[in-house]
Every structure is written in structure tokens, then in C-alpha cells.
Amino acid sequence: MFNKIKKIKNLFLDLLFPIECLSCGKEGYFLCPDCLEKIPFVDKFTCPVCGKPSLYGQTHQICRRKTSLDGLVYATSYKNETINKAIKQFKYNSIKNLGKPLARLMIKFIENSGLKNFFAKNNFILIPIPLFFLKQKNRGFNQSEVLADEIANYFNWPIEKDLLKRTKPTRSQTELTKGQRSKNVLNAFKVKNKIGLLNKNIILVDDVFTTGATLNEAAKVLKESGVNKVWGLTLAKD
């Protein structure tokens, strides 16, 4: 019932306020192709722990004691005004249609950077970071799942959306300090089915990487279940 009321409300708002590009105001787009084209990609890969350059964003050997992630790749910077605004509208105003253009940005980055071959030859499986079921019900969708679906469909990569579960509600990470973020997501995930995970390689998909607390906690749980390597793939890094 709640989702039906929300859909009717959104339809009514669309009639009153035509869809406009959130960057330039062009009608008919939430994010028009011209503005999407102007968003700059990152120009180098960096270690998720120390931030120094590394091959394809792999975690440096010396940094591995501080994270369960074997690497991290992200398409652009969260400081970009258009990206910042788009992600907030996508998540907090539940504009699901922004998922397609934002995923296209990630897809183009993967193709242009050489990551396509790197991920394909290592047989990675995509897993979107899950939301707690009440939060997903309230939002109407999981933004990470929307992005992961688009990427998986485009590259024909395997995706698993039921292996990883969020076990408890957590506060928004944007409200917390670095130390609080780690405590906030501690024991927030569990693997639903460990069969077949042994020695698999996983890509965790999320929208934004800030301190890495969420991705790290999810990676830790997956590795405890026998996964070989876990990488993070996000649209942006703060």
C-alpha cells in the first residue's frame, strides 16, 4: 500500500513539475547526456587504504592488515557537484530513474580504463551491498542493486543478490565520524548461503566510498565464508 501511494504521489508531482536535468535544467531527463558527458573520470587508480597509486586500485601489501578489501575502483569524485546532487536525489528522494545514467557512467569507466578485461579474466561475481529490509521498503529500491543490475546486464557478468544479507538497521553513515562508522556496521552483514563461495572472487557494488567501513565489513564476512578475493566498485569516492 505504501509503495502504491508513493507511486501515485510521484506521478502527480511529475505532472506538476516536468522532469528536468538536475544539472542544466533540460526537460525530459533527470541527468541529460550532455551533462553526463561532462562528468570527469578519475585519472588514476589508488589503494583504498593509503590513497597512493596502485595497479587497478589493488590494496598495497603493507595496507592489507587494515582492510579486508583486495582493491577498490571508482569512476569519479563525490566532490563533483553534479554527481553529489545526483546521488543524493537517487538515494534520498528515491529517483530510481537516475540509476541508468549513473550506471552508464560506471560502465563507460570500466570500458575505458581496462577494468573490463581485468574483472572478466578473474571471473568476478557482482554482489550489491544490501539494505536493511525496512529501509529498502521505505525507499522502494536498493540503489546499489540498481547500479549492479545495469553493469551485470551490460557486460553479461554473473550477479548474486541474495547471498549477502543486512542483519540489522544502521544509522546513515553520512551522520557519523570515521570511528563511529566502523562500529555502526559491525556485524551488520551475514552470508545466507556459503555453498559455492569457496575460492570465488567477488565485486561489492555500492554508490559511494567514504571511509570504506561498509565495504570492509561486508568483505570481512565474505572472506570468513571462504571467498578468495573481494573488491569494491563504486560510482564515486568522497
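# Reading rings, a helix and a pocket

Ring pairs join Phe 41, Phe 45, Tyr 56, Phe 109, Phe 118, Phe 119, Phe 124, Tyr 154, Phe 155, Trp 157 and Trp 231 into a cluster. The model is predicted, so local features need pLDDT of at least 70, side-chain atom pairs count only at pLDDT 80 or more, and totals for chains, interfaces and linings use all residues. Residues are numbered from 1 along each chain as its sequence is written, and side-chain values use heavy atoms, with hydrogens and water left out.

Q: What makes two rings an aromatic pair?
A: Rings of Phe, Tyr and Trp (its six-membered ring) pair if their centres lie within 6.5 Å. Planes under 30 degrees apart are stacked, over 60 edge-to-face, and the rest tilted. The whole structure has 15 aromatic pairs. Phe 41 and Phe 109 make a tilted one, 5.5 Å centre to centre with 50° between the planes. The pair links distant parts of the chain, 68 residues apart: Phe 41 sits in the loop between helix 2 (33-38) and strand 1 (71-77), Phe 109 in helix 4. Helices (H or I, at least four residues) and strands (E, at least two) are DSSP runs, numbered from the N terminus.

Q: Phe 109: buried or exposed?
A: Buried means under 20% relative accessible area, exposed over 50%, partly exposed in between (1.4 Å probe, protein chains only). Phe 109 is buried because its relative accessibility is 5%. Phe 41, at 26%, counts as partly exposed.

Q: How many Å should helix 4 span?
A: The expected span is 1.5 Å times one less than the number of residues. Helix 4 (residues 99-113) has 15 residues, so it should span 21 Å; its end C-alpha atoms are 21 Å apart, which agrees. Gly 114 follows helix 4, with a positive phi near 90°.

Q: Which residues of helix 4 are buried?
A: An α-helix has 3.6 residues a turn, so residues three or four places apart point the same way. The buried residues of helix 4 include Leu 102, Leu 105, Met 106, Phe 109 and Ile 110.

Q: What is the volume of the second largest pocket?
A: A probe the size of a water molecule, rolled over the atoms, shows where empty space is left. On a 1 Å grid over the protein atoms alone, a pocket is an open set of points where a 1.4 Å probe fits, with protein on both sides within 12 Å along at least five of seven lines; lining residues have an atom within 4 Å of a point. The second largest pocket has a volume of about 640 Å³. Of its 31 lining residues, Lys 91, Tyr 92, Gln 173, Asp 207 and Thr 214 are the closest to its centre.

Conventions: Points joined across faces, edges and corners; volume = space filled by probe spheres on them.
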